[in-house]
Amino acid sequence: MNKMYEEGAYRTAGNILDLAQRMKDTDGAVLVFIHKSVDGDCVGSGCATAQILRRLGVTAFVAMPEALPFSMGFLDVDDILYYPDGTETEVYLDGKKYSAAISVDCTEGNRMGCCGALYEMFPDSITMDHHEITRLATDLKWIMPQSSSACEMVYHMGVAVAEMLKLPVEEIIDRRAARCIMAGVVTDTGRFTYSNTKPETLAVAGEVMKLGGDISEVCYNLFDRKKVPEFYLSNSACVDAKLYFGGKMAMSVVTRDMFLKYDAADDDIADVVSRLRDINGVELAVVLRETEDGKIRGNLRSKSSFDCSSFAEEFSGGGHKRAAGFTVENGNINDIAGQILDRVETLL
Ligand SMILES: [Mn+2]
């Protein structure tokens, strides 16, 4: 195993095995928590973790803050997903009481939407996350901002579990878990094109392929397959995008009317922000959209220097330096676009 991952992977694998034993002894079930505005890495790492727990004989589900996007349907994980309504005080999963939480790709309950309250019920939860966090790291929390993806961490955890149990890796990371891990790695590395792609990342992808994570199947479904409304809305949002500050910033503002015009769903413009970032000369790309539930969602991508994560924090969001997002509960999309331009002007 890569040195960088060793300590955390074995420590976390030990924690997972302890948890599995405790769940079996007490007839408990585990919920795995991920961030809202779900993406390939949080869904992939969440489902892979739950699947690994299932291989260990534990009842485990992923708590979903929203519906599974169309692009991830091929992962075939419906039976792993649990949709809370946010008002539950207790949860039974396959007849077993929810009594332990794990979080992946996210450590803060306030980024989990309607799942946050359930997560906070068990503050001593195991975490595997590659975001910078403010919450105090403990033995139970494996935080590695230098990891390409939460999925790469989950892969190493799975390998460590198999080693500790003296089992072949495929007994712990089965084909379904492998496809989920591949989904997260290709999402967070932009199919191995972002600067977080290390030789070790490619090595992990190779191992995951051997375990059944078919890279061409995963990439086609996650990135290339478009629904008809998605195709038209994306293209329209790109055509409407404007350049600012001498072409250093591109922004597209997508109103609810545009979604209605093409009969498109909330996540049907997911690829627009990276298409804008790809424009020659653009350092920062922003897509603002009005969501179905009346909020404003902002997505940011940068090429090499602009810190999207700290910018998103100014709008109570978060993410990574090159990719981040935020949600405004109430507001006018054009006002927010104006605020962003005023602020970016001082930063770019
Ligand atoms: Mn991630």
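Analyst: Two strands pair if DSSP finds at least two bridges between them, and the strands themselves (E, at least two residues), like helices (H or I, at least four residues), are DSSP runs numbered from the N terminus. In this predicted model, V30 has A60 in β2 as its bridge partner. Local features here need pLDDT of at least 70 and side-chain atom pairs count only at pLDDT 80 or more, while totals for chains, interfaces and linings use all residues of the predicted model. Residues are numbered from 1 along each chain as its sequence is written.

User: In which sense do β1 and strand β2 run, and how many bridges join them?

Analyst: Strands of a sheet pair through backbone hydrogen bonds, either parallel or antiparallel. Here β1 and β2 (residues 59-63) run parallel and are joined by 5 bridges. β1 also pairs in the parallel sense with strand β5 (residues 96-104), over 6 bridges, and within β5 it is I102 that stands opposite V32.

User: How many residues of strand β1 are buried?

Analyst: A residue is buried if 20 or more other C-beta atoms, placed from the backbone, lie within 10 Å of its own, exposed if 12 or fewer do, and partly exposed in between. By that count 5 of the 6 residues of β1 (residues 28-33) are buried, and the strand is mostly covered. Over the protein, 47% of the 348 residues count as buried.

User: Where does C42 lie, and which residues does C42 touch?

Analyst: Two residues are in contact if their C-beta atoms, placed from the backbone, lie within 7 Å. C42 lies in helix α2 (residues 40-55) and is buried, because 30 other C-beta atoms are within 10 Å. Not counting residues up to four places away in sequence, C42 touches I34, H35, V104, D105, C106 and A150. C42 and I181 are 139 residues apart in sequence, yet their C-alpha atoms are 9.8 Å apart in space.

User: What is the order of strands in the open sheet of 6 strands?

Analyst: The order is β8-β9-β10-β11-β13-β12, with mixed pairing; its edge strands, β8 (242-244) and β12 (318-319), each pair on one side only. Within this sheet, β11 (residues 296-302) and β13 (residues 323-328) pair in the antiparallel sense over 6 bridges, with N299 opposite G325 in β13.

User: Which strands does helix α13 lie across?

Analyst: For an angle, axes are lines fitted to C-alpha atoms, for helices over the stretch in contact, and values run from 0 to 180 degrees between N-to-C directions. Helix α13 (residues 333-347) lies across β8, β9, β10, β11 and β13, and runs at about 165° to β10.

User: How is the protein divided into domains?

Analyst: Domain bounds come from an automatic or database domain assignment, and here they give domain 1 (3-222) and domain 2 (228-347). Their C-alpha centres lie 28 Å apart, and the contact takes 5 residues from domain 1 and 4 residues from domain 2.

User: How many helices and strands does the protein have, and what is its radius of gyration?

Analyst: The protein has 13 helices and 13 strands. The radius of gyration is taken over C-alpha atoms, and the globule rule is 2.2 Å times the number of residues to the power 0.38. Its value for the protein is 20 Å, close to the 20 Å that the rule gives for 348 residues, so the protein is as compact as a globular protein of that length.
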